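This briefing goes through one structure, topic by topic. Keep the sequence and the structure at hand while reading.

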Amino acid sequence: MAEIQGGGDSQGKGGKKRAKKQSTRVDMTPLVDLAFLLLTFFVLTSTFSKPKVLRMIFPEKLEDNPNIKKPEVRDAVTILVSGDDRIFYYTGQISNATVITEIDYTKDGLRKLLKEKNFQLLSELQKLQVKLNEADEKDTAAVNQIDRDVKKLQKESKLVVLVKNDDKATYKNIIDVMDEFMITQVAKYFVTDDGFNAVEKKLVSQIPPKN
Amino acid sequence: MPKVKMPRSTPSLDMTPMVDLAFLLVTFFMLTSSFRSPEPVFVDPPASTTEKEIPKQVFLVTIDETGRVFIDITNAAVKEKVLREMIADYKVGLTEEEIKKFIGSGPLGMRLAELPSFLAQEAEKRAKIAEAAAGVPYDTANKIRSCELYNWVLKSRVIADNDFRMREASAQEKNQSFDKDNYMQFAVKAAKNTRYETVKNVVDVLREARVSKFQMITGLEAKPE
């Protein structure tokens, strides 16, 4: 380790008394100890990644405003989220003859389904994205126009997805579904307040669990 | 044969570069790190692919697996004002010192009536009590407006709005730039296994207080190709 090297050579030689030559070296060990202690402390206590957030908008309660009618949805895709990580979907209005299909949370399940259903909007959005990449960043008018086009496309999107859950569904399930919406850029989706209705309950209970 | 004499000298090493480096790293970590705020419960949120970071000012609602609700306000000034109004409404007596303690004590997860006895405890005991607390009480259906959570949210929303407007006005007066995005937003942090019904009931209380935009806190997940 580093230490003070005393200038011992000059002592006892000759009769002359010289001023002791002090070395300028300082023992730095404690300093290093301290520095590394602090370093370890900060490395262990600091949190680097700030948590991320997923934005969710819940509509105002319907009771507050009786003038708002519940939207009539005809060709919607309804996703039924249930316990044990099970998830189902059907298209259109529910009736006893509706076919409810079980899917899963993998990329070949829900994501593939949503990509297929949202194919039209996705391909249009991709074209715009290419346009945006080609556009000059300084050309704000063009960039804004693309932005408006994106919003217009989203507004005119025909795909509507409803999400219903029963009392066994976990928070993770719903966030996973929301995340899939973000990935597949579904523009119109709603998480409904009321759970499964009687027909849905009956049809879901008829589907045997996988494995 | 004469022995080969090794020069006897204490091995000395110049440590200056190492110290330089060590202090550089210390400085870096000191400046970049933000400390984890004290949390009475550990909540593991689900992951998502979003890249949006949590806003600076939030009203954080934490929901654990069993459905207990903890609330926290990151803006200390707003937190103080809200507490003062709450204790006046619920007729809970707190000294100035206890109010100060409350502001530094992290998320709240108990009935307001329990606060005085809780704040009278020492810090170590407080952590244990906070851990075992039953959560901020909330209600559903027609009793929703009389529950404590509703009042906390409503008061916070109003006070944060006023605070935002005051900051805006004073910035304009002094001709300073003003960050319009720095307003209080409502963040929900729930555990993976929390039942969605529970989250929805809590969110319903907030919706009743006319909050409709929520930032759901999630962990980070890689974006798909």
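Chain A holds an open sheet of 5 strands in the order β5-β4-β3-β6-β7, with mixed pairing. Strands pair if DSSP finds at least two bridges between them; strands (E, at least two residues) and helices (H or I, at least four) are DSSP runs, numbered from the N terminus. β5 (101–103) and β7 (188–191) of chain A stand at the edges with a single partner strand each, so one side of each is left without a neighbour in the sheet. From one strand to the next, the twist averages 25°.

This is a predicted model, in which local features need pLDDT of at least 70 and side-chain atom pairs count only at pLDDT 80 or more, while totals for chains, interfaces and linings use all residues. Residues are numbered from 1 along each chain as its sequence is written, and chains are lettered from A and ligands numbered from 1 in the order in which they are written.

**Confidence**

- The model scores ipTM 0.76 and pTM 0.75.
- Chain B averages a pLDDT of 84, and 94% of the residues score at least 70; pLDDT is the predictor's confidence in each residue, from 0 to 100.
- Where pLDDT is low, the predicted coordinates should not be read in detail.

**Chain A as a whole**

- Chain A has 6 helices and 7 strands, and along the sequence they follow the pattern α-β-β-β-β-β-α-α-α-β-α-β-α.
- Of the 211 residues of chain A, 19% count as buried. A residue is buried if 20 or more other C-beta atoms lie within 10 Å of its own, exposed if 12 or fewer, and partly exposed in between, with C-beta atoms placed from the backbone.
- Among the contacts in chain A with a separation of 6 or more, 63% come from residues 24 or more positions apart. Two residues are in contact if their C-beta atoms, placed from the backbone, lie within 7 Å.

- β3(A) is mostly covered, since 5 of its 5 residues are buried.
- Both of its faces are covered: A:V77, A:I79 and A:V81 are buried on one side, and A:T78 and A:L80 on the other.
- Strand β3 (residues 77–81) of chain A runs parallel to strand β6 (residues 160–165) of chain A, and 5 bridges join them.
- In β6(A), A:V163 is the bridge partner of A:I79, and A:K164 is that of A:L80.
- With strand β4 (residues 87–91) of chain A, β3(A) pairs in the antiparallel sense over 5 bridges, and A:T78 stands opposite A:Y90 in β4(A).
- The hairpin of β3(A) and β4(A) has 5 residues between the strands, and A:D84 takes a positive phi near 55° there.
- α5(A) lies across β3, β6 and β7 of chain A and runs at about 150° to β3(A). Angles run from 0 to 180 degrees between N-to-C directions, and axes are lines fitted to C-alpha atoms, for helices over the stretch in contact.

**Where the two chains meet**

- 42 residues of chain A are in contact with 47 residues of chain B.
- On the side of chain A that touches chain B, α1 (29–45), β1 (46–47), β2 (52–57) and α5 (171–183) of chain A each supply at least two residues.
- That side of chain A divides into 23 nonpolar, 8 polar and 11 charged residues. Ala, Val, Leu, Ile, Met, Phe, Trp, Tyr, Cys and Pro count as nonpolar, Asp, Glu, Lys and Arg as charged, and the others, Gly among them, as polar.
- β2(A) pairs with strand β6 (residues 213–220) of chain B in the antiparallel sense over 6 bridges, and B:Q215 in β6(B) is the bridge partner of A:R55.

**The nonpolar core**

- The largest nonpolar core has 62 residues, of which A:I79, A:I174, B:V69, B:V188 and B:V202 touch the most other members. A nonpolar core is a set of buried Ala, Val, Leu, Ile, Met, Phe, Trp, Tyr and Cys residues joined through C-beta atoms within 7 Å.
- Not counting residues up to four places away in sequence, B:V188 touches B:V61, B:I63, B:V199, B:V203, B:F214, B:M216 and B:I217.

**A partly exposed residue of chain B**

- B:I103 is in helix α3 (residues 96–103) of chain B.
- B:I103 is partly exposed, with 14 other C-beta atoms within 10 Å.
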